[in-house]
Amino acid sequence: MNDVLTEKIKKWAKERNLHEADPKAQMLKVTEEVGEVAGALARNNLENLAIEIGDVVVTLTILAMQNGLDLNECAAAAYQKILNRKGKMINGVYVKEADL
């Protein structure tokens, strides 16, 4: 994600004292937004899908910040974990080799 945008999100959150809020409450917000992604997919509403995915990114950025983490660094670590992962598609879902 764009570092400038990430910093804007963090600034917005700090202005609202979200950086000091309970991370467990923030995780509920993340889950709510993920549900809205599912709703947009179910309705095949690509315009709302883009907005809802963005909302998930915003809420995850705040959750990471609340825990002293950086979302971009979290994504980089996850990418390193999956970089050489092997697996196969089963019924339209990628299943990692360890779970086959």
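What pattern does the chain follow when read along the sequence? I read α-α-α-α-β-β, with helices (H or I, at least four residues) and strands (E, at least two) taken as DSSP runs numbered from the N terminus.

**Basis.** I note that this is a predicted model, in which local features need pLDDT of at least 70 and side-chain atom pairs count only at pLDDT 80 or more, while totals for chains, interfaces and linings use all residues. Residues are numbered from 1 along each chain as its sequence is written, and side-chain values use heavy atoms, with hydrogens and water left out.

**Whole chain.** I counted 4 helices and 2 strands. The radius of gyration is 16 Å, well over the 13 Å that the globule rule gives for 100 residues, so the chain is more spread out than a compact globule. I took this radius over C-alpha atoms; the rule is 2.2 Å times the number of residues to the power 0.38. Along the principal axes, the C-alpha atoms fill a box of roughly 45 × 35 × 25 Å.

**α2 and α3.** I looked up how helix α2 (residues 23–42) packs with helix α3 (residues 46–66), and found an angle of about 165° with the axes 9 Å apart. Axes are lines fitted to C-alpha atoms, for helices over the stretch in contact, and angles run from 0 to 180 degrees between N-to-C directions. That makes α2 roughly antiparallel to α3 (over 145 degrees; under 35 is roughly parallel, 65 to 115 roughly perpendicular, the rest oblique). The crossing of α2 and α3 is left-handed, meaning that the near helix is turned anticlockwise from the far one by less than a right angle; clockwise is right-handed. In contact (heavy atoms within 4.5 Å), I found M27, V30, V34 and V37 among the residues of α2, and L49, I53, V56 and L60 among those of α3. By class, the contact of α2 with α3 has 13 nonpolar, 4 polar and 5 charged residues. Ala, Val, Leu, Ile, Met, Phe, Trp, Tyr, Cys and Pro count as nonpolar, Asp, Glu, Lys and Arg as charged, and the others, Gly among them, as polar.

**α1 and α3.** I then examined helix α1 (residues 3–15), which packs with α3 at an angle of about 70°, the axes being 10 Å apart. That makes α1 roughly perpendicular to α3. The crossing of α1 and α3 is right-handed. T6, I9, K10, W12, A13 and K14 of α1 meet V58, T61, I62 and M65 of α3. I sorted these residues into 6 nonpolar, 2 polar and 2 charged.

**Hairpin.** Strands β1 (residues 87–90) and β2 (residues 93–96) run antiparallel and are joined by 4 bridges; pairing requires at least two DSSP bridges. They form a hairpin with 2 residues between them, and N91 in the turn has a positive phi of about 55°. I90 stands opposite V93 of β2.

**V95.** I placed V95 in strand β2. Leaving out residues up to four places away in sequence, V95 touches G87, K88, I90 and L100. From N44, V95 is 51 residues away in sequence and 25 Å away in space, C-alpha to C-alpha.
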